[in-house]
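Have a look along with me.

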2 protein chains.
Amino acid sequence: MRENFVEACRRHGLRITGPRKIIAEALSAAHDHPDVRELHRRVMERDPTVSLSTVYRTLRQFADIGLIEQHTFDGRSVRIERAPTAHHDHLIDTQSGRVIEFSSPEIEALQIEIARRLGYELTGHRLELYGRPLAAKKR
Amino acid sequence: MRENFVEACRRHGLRITGPRKIIAEALSAAHDHPDVRELHRRVMERDPTVSLSTVYRTLRQFADIGLIEQHTFDGRSVRIERAPTAHHDHLIDTQSGRVIEFSSPEIEALQIEIARRLGYELTGHRLELYGRPLAAKKR
DNA sequence: TTGCAAATGCAAACGATTTGCAATAAGGAG
DNA sequence: CTCCTTATTGCAAATCGTTTGCATTTGCAA
């Protein structure tokens, strides 16, 4: 993501600052979907002087230029995700809070169809599945 | 909803109080998906002494006993909906904020299937479509 | 190197929601 | 019908996540 980040910032006239570099690093190291406080914690491990407000501000900018996405799964705080290369939806493990990504062309197609039938052009959607692991039982 | 409300409260040991009656009335009169402040506004039209905190507390209780559902469509404030008789999802008109209900057995089935394939038992889901009306163009 | 707009840290502000507490009222017992 | 216990209420203050104003610092183009 490093390159992508530098390039994207340049393209949008954002300066390559210390805090932004650190935040970008923390993001590319994140293989999960942390919330902002958690991300700030990780950023502070690299540089404890970066403030929470800078993290918030930077995340908004990164989202604006398409580097990340911000989701609110539970109605609670925002969770961060590196810019997806391909579209996908999420399954949230209700026991652990873990987020699993998936995609379903069939569902995508149905969504467009449903919107059209209701007289709308689909401009976006959100699909979240909530589930309990079933493996545990059998194994 | 009047009867349903009295009965449900009785069944769960909730007292039938003045504020609760008013809130239940405002809810059954609502044919949209108001947020809490808007609902409180409507409640106050009937009785200006009912406080916002009582509305919040009552809504939580009503949700607990299944009289209503609370959604957070946009990541912003909570929107209220009378208990649905049948399950459905929502399409949000991005121009007007209006909410349209729909249901799709095909999608429901696919969701269960996807969760299973990922090793999960589906315990819940959220599906929201966002769209722009297309009728306007043609007519 | 210099100069200036962009970016930062801090603390205060915010909007939505929750909570502690003393006062009030529902509704079963007598 | 009145009394008593306990749930419920209104109010104000607290919380939580997020945003913002402002004085200070810092990229970076010239």
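Which residues are buried in α2(A)? I found A:Arg20, A:Ile22, A:Ile23, A:Ala24, A:Ala26 and A:Leu27 to be buried there. For me, buried means under 20% relative accessible area, exposed means over 50%, and partly exposed lies in between (1.4 Å probe, protein chains only).

Ground rules next. This is a predicted model, where local features need pLDDT of at least 70 and side-chain atom pairs count only at pLDDT 80 or more, while totals for chains, interfaces and linings use all residues. Residues are numbered from 1 along each chain as its sequence is written, chains are lettered from A and ligands numbered from 1 in the order in which they are written, and side-chain values use heavy atoms, with hydrogens and water left out.

**Helix α2 of chain A**

I looked up the span of α2, residues 18-29 of chain A: its twelve residues reach 17 Å from first C-alpha to last, close to the 16 Å expected at 1.5 Å a residue. The expected span is 1.5 Å times one less than the number of residues. Helices (H or I, at least four residues) and strands (E, at least two) are DSSP runs, numbered from the N terminus.

What caps the N-terminal end of α2(A)? I noted A:Thr17, with a side-chain oxygen 3.2 Å from the backbone nitrogen of A:Arg20.

**Aromatic pairs**

I searched the whole structure and got two aromatic pairs over all chains. Rings of Phe, Tyr and Trp (its six-membered ring) pair if their centres lie within 6.5 Å; planes under 30 degrees apart are stacked, over 60 edge-to-face, and the rest tilted. A:Phe5 and A:Phe62 make an edge-to-face pair, 5.7 Å centre to centre with 65 degrees between the planes. A:Phe5 sits in helix α1 (residues 2-11) and A:Phe62 in helix α4 (residues 52-64) of chain A, so the pair ties together parts 57 residues apart in sequence. A:Phe5 is buried at 0% relative accessibility, and A:Phe62 is buried with a relative accessible area of 0%.

**Cavity**

I looked for cavities of 30 Å³ or more and found one. On a 1 Å grid over the protein atoms alone, a cavity is a set of points where a 1.4 Å probe fits but cannot get out, and lining residues have an atom within 4 Å of a point. The largest cavity holds about 40 Å³ of space. Its lining includes A:Leu27, A:Ala30 and A:Asp32. Strand β2 (residues 79-82) of chain A gives the most to that lining, with three residues.

**A:Val78**

I placed A:Val78 in the loop between β1 (68-71) and β2 of chain A. A:Val78 is partly exposed, at a relative accessible area of 26%. A:Val78 and A:His33 are 45 residues apart in sequence and 9.4 Å apart in space, C-alpha to C-alpha.

**Chain A overall**

I counted six helices and five strands in chain A. Along the sequence, chain A reads α-α-α-α-β-β-β-β-α-β-α. Of the 139 residues of chain A, 40% count as buried.

Note on methods. A polar contact is a pair of N or O atoms within 3.5 Å; within protein, one must be able to donate a hydrogen and the other to accept it, and residues adjacent in sequence count only if both atoms are side-chain atoms. On a 1 Å grid over the protein atoms alone, a cavity is a set of points where a 1.4 Å probe fits but cannot get out, and a pocket is an open set with protein on both sides within 12 Å along at least five of seven lines; lining residues have an atom within 4 Å of a point. Grid points are joined across faces, edges and corners, and a volume is the space filled by probe spheres set on the points.
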